[in-house]
Amino acid sequence: MDETKELKTRADESQSISTEPDAQKGKYMTFKSGNEYFGMKIQYVNEIIQFQAITAIPETEDYIKGLINLRGKVIPVIDVRLRFKQEPFEYNDRTCIIVINVKSTVVGLIVEQIAEVVEIKEENILPPPAIGRSDKAHQNKYVYGIGKVGDAVKLLLDPDKLLNDEDLSVVEQADQINIEEGEV
């Protein structure tokens, strides 16, 4: 997992380069899901952790894998591939969890592989195409733009749209566990 630690270090360094509010502007944590690469604004990323044991929650959506204990705080985790209605994959030593904070809600995103931290200038971000969405409509509703990075493109995610009302009820259950254990 040295690669994950190295990427985490690079992410931490990019977040602490400057205390100015614009220091994180244009920086994206990228990861692989299926055959595509996605990016998320670095400001949402708390940390990247190794994949760990997950406690399943009965009667939730299939992409909500369950809860993990992160240094005494219980947080829900979502499998990004299943959220995008892609084929499930077998977790391995490259699988990791990106812990994000969206509107004061902490959630873990299980991803196949972290790619890198990249800078994407505003002029290199295009809106997603309006045609050909039928087969990927479920995925595109989470994508707000397409970032050009050299010869490659990254699908840029809106973390707010990754969570729906059911996900938030799972988060509330996790928060209740944390409150009962005095960890909040």
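Q: Which way do strand E2 and strand E11 pair, and over how many bridges?
A: They run parallel, with two bridges between E2 (residues 36-41) and E11 (residues 152-157). Strands pair here if DSSP finds at least two bridges between them. Keep in mind that this is a predicted model: local features need pLDDT of at least 70, side-chain atom pairs count only at pLDDT 80 or more, and totals for chains, interfaces and linings use all residues. Numbering starts from 1 along each chain as its sequence is written, and side-chain values use heavy atoms, with hydrogens and water left out.

Q: OK, and what stands opposite phenylalanine 38 in E11?
A: That's leucine 155.

Q: What about E10 and E11, parallel or antiparallel?
A: Antiparallel, over six bridges, with E10 covering residues 143-149. Glycine 145 has leucine 156 as its bridge partner in E11, and glycine 147 has lysine 154.

Q: How many residues sit between E10 and E11 in the hairpin?
A: Two. Glycine 150 is in that turn, and its phi is positive, about 60°.

Q: What's the strand order in the open sheet of six strands?
A: It goes E8-E1-E2-E11-E10-E9, and the pairing is mixed. E8 (113-119) and E9 (125-126) are the edge strands; each has a single partner strand, so one side of each has no neighbour in the sheet.

Q: How many helices and strands does the protein have?
A: Five helices and 11 strands. Those are DSSP runs numbered from the N terminus: H or I with at least four residues for helices, E with at least two for strands.

Q: Switching to charges: how many salt bridges are there?
A: Three, where a salt bridge is a side-chain nitrogen of Lys or Arg within 4 Å of a carboxyl oxygen of Asp or Glu. One of them joins lysine 27 and glutamate 119, at 3.5 Å from N to O. Lysine 27 is in strand E1 (residues 27-33) and glutamate 119 is in E8, so this pair ties together parts 92 residues apart in sequence.

Q: Is lysine 27 buried or exposed?
A: Buried, at 13% relative accessible area. Glutamate 119 is partly exposed at 47%. The cut-offs are under 20% for buried, over 50% for exposed and in between for partly exposed (1.4 Å probe, protein chains only).

Q: And which glutamate does arginine 71 meet in a salt bridge?
A: Glutamate 47, with N to O at 2.5 Å. Arginine 71 is in the loop between strand E4 (64-70) and strand E5 (73-79), while glutamate 47 is in strand E3 (residues 45-50), 24 residues apart. Arginine 71 is exposed at 64%, whereas glutamate 47 is buried at 14%.

Q: What does glutamate 112 pair with?
A: Arginine 81, in a salt bridge of 2.7 Å, N to O. Glutamate 112 lies in the loop between strand E7 (105-111) and E8, and arginine 81 lies in helix H2 (residues 80-83), so parts 31 residues apart in sequence are tied together. Both residues are buried.

Q: How much of the whole protein is buried?
A: Buried residues make up 46% of the 184 residues.

Q: What share of the contacts joins residues at least 24 apart?
A: 58%, taken among contacts between residues at least 6 apart in sequence. A contact means heavy atoms within 4.5 Å.

Q: Last one: what does the accessible surface come to?
A: About 10100 Å², and 46% of that belongs to carbon and sulfur atoms. The areas come from the Shrake-Rupley method with a 1.4 Å probe; for residues, only the protein chains shown count as cover.
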